[in-house]
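Hi,

Here is the structure I promised to pass on to you.

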Amino acid sequence: RERRAAAPGAPACGMALFYSDLAKGVANLLDDDYFYTQKLKITSKTQNNVVWTSEGELSPKGALGKLGAAYRHASGLSLDKLQVKTDGRVHAEASLRMDPNVRLFVSAEDGRQEPGKPLHSHGRVGVDASHPASLSAGTAEMDMVNGPTMRVSLLKGLPWMGLFLGGEVSYNTHLEERDQRPEISDIGFGASYRSREWQASVSTSDKMGAIGVSYLHHVMPTLSVGALFKYKLHEDSQHLTVGCAYQADDITTVKAKFSTNALLSMSMRQRVSKLVTLTLCAEVDSQEWAADSHRFGISVALCD
């Protein structure tokens, strides 16, 4: 009996696709290299494999500085991020690779909380696990600070069809708030189809109250186009963003995107030299060309 071949878009053996990756390609296309501040980033690596990163950012809200470090040991233990910010926040992430398909991780952030701003503090512990042969992957984590809240996500691939099906659920115990009862804080399901040239996905969130549809097409090796549509059922609001990325040469990438709120954005990233990368970005309101709401961003990254 002839064996059916895997779909062209199925990941190769050893490459895991998690539920959070369903629309990651489109998100990278439409979000990466788009910013509207002035940044200077310096990255250096020491002889003992410690990567130091210092970053300064200037925006209309003020100046922000970050100092971070990362380290990866041959045993599988990694300090993925240890970052201190000038606004008084401290962020740390670490992981332990038990084997190629199982990873334990912890993440925490705390520090000064400004009045009126959303709470960003968290303390998460979790595990990622995958089975590349069956194209199955899952994540389970618990936020010990907020709730505590448990989150579980699963994704299963059907290689003969090029389909991936999965879901995610979050459960808030509300142990810190005695006047509230435990509840399912969020639940969603998603599906994705992938081929060599294009991929599409649809997912739900906000307790099935929001739908997201994404599409990414690699027209040619140097040109990709994508679209992301979000629809909130309870608010009857729609938002569509369409964008493209063109790699002009080995050192230059140009991007553009347009959304239904009439905002037109463009960016250009160029590797000026082996150590310097320059990124320029601009956003204009196509409905009000004479307005002063247009934004501009510039970033200089130095890496040895």
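Below is what turned up, starting with confidence and moving on to the aromatic residues.

This is a predicted model, so to speak plainly about the cut-offs: local features need pLDDT of at least 70, side-chain atom pairs count only at pLDDT 80 or more, and totals for chains, interfaces and linings use all residues. Residues are numbered from 1 along each chain as its sequence is written, and side-chain values use heavy atoms, with hydrogens and water left out.

The protein has a mean pLDDT (the predictor's confidence in each residue, from 0 to 100) of 89, and 92% of its residues reach 70 or more. Residues 1-14 have pLDDT below 50, and this stretch has 19 contacts (heavy atoms within 4.5 Å) in the model beyond near neighbours in sequence. Where pLDDT is low, the predicted coordinates should not be read in detail.

Now to the rings. Searching the whole structure gives two aromatic pairs. Rings of Phe, Tyr and Trp (its six-membered ring) pair if their centres lie within 6.5 Å; planes under 30 degrees apart count as stacked, over 60 as edge-to-face and the rest as tilted. Tyr193 and Trp198 make a tilted pair, at 5.0 Å centre to centre with 45° between the planes. Trp198 also pairs with Tyr215, again tilted, at 5.9 Å and 35°. This second pair links distant parts of the chain, 17 residues apart: Trp198 is in strand S12 (residues 198-205) and Tyr215 in strand S13 (residues 210-220). Strands (E, at least two residues) are DSSP runs, numbered from the N terminus.

How accessible are they? Taking buried as under 20% relative accessible area, exposed as over 50% and partly exposed as in between (1.4 Å probe, protein chains only), Tyr193 is partly exposed at 28%, Trp198 is partly exposed at 32%, and Tyr215 is partly exposed at 33%.

There are charges over rings as well, meaning NZ of Lys or CZ of Arg within 6 Å of the ring centre and within 35 degrees of the ring normal. Lys39 has its charged end over the ring of Phe35, 4.8 Å from the centre, while Lys257 lies over the face of Tyr34 at 4.3 Å.

Lastly, Ser78 in strand S4 (residues 77-85) is buried, at 8% relative accessible area.

Best wishes

How values were computed: Helix = DSSP H or I, 4+ residues; strand = E, 2+ residues; numbered from the N terminus.
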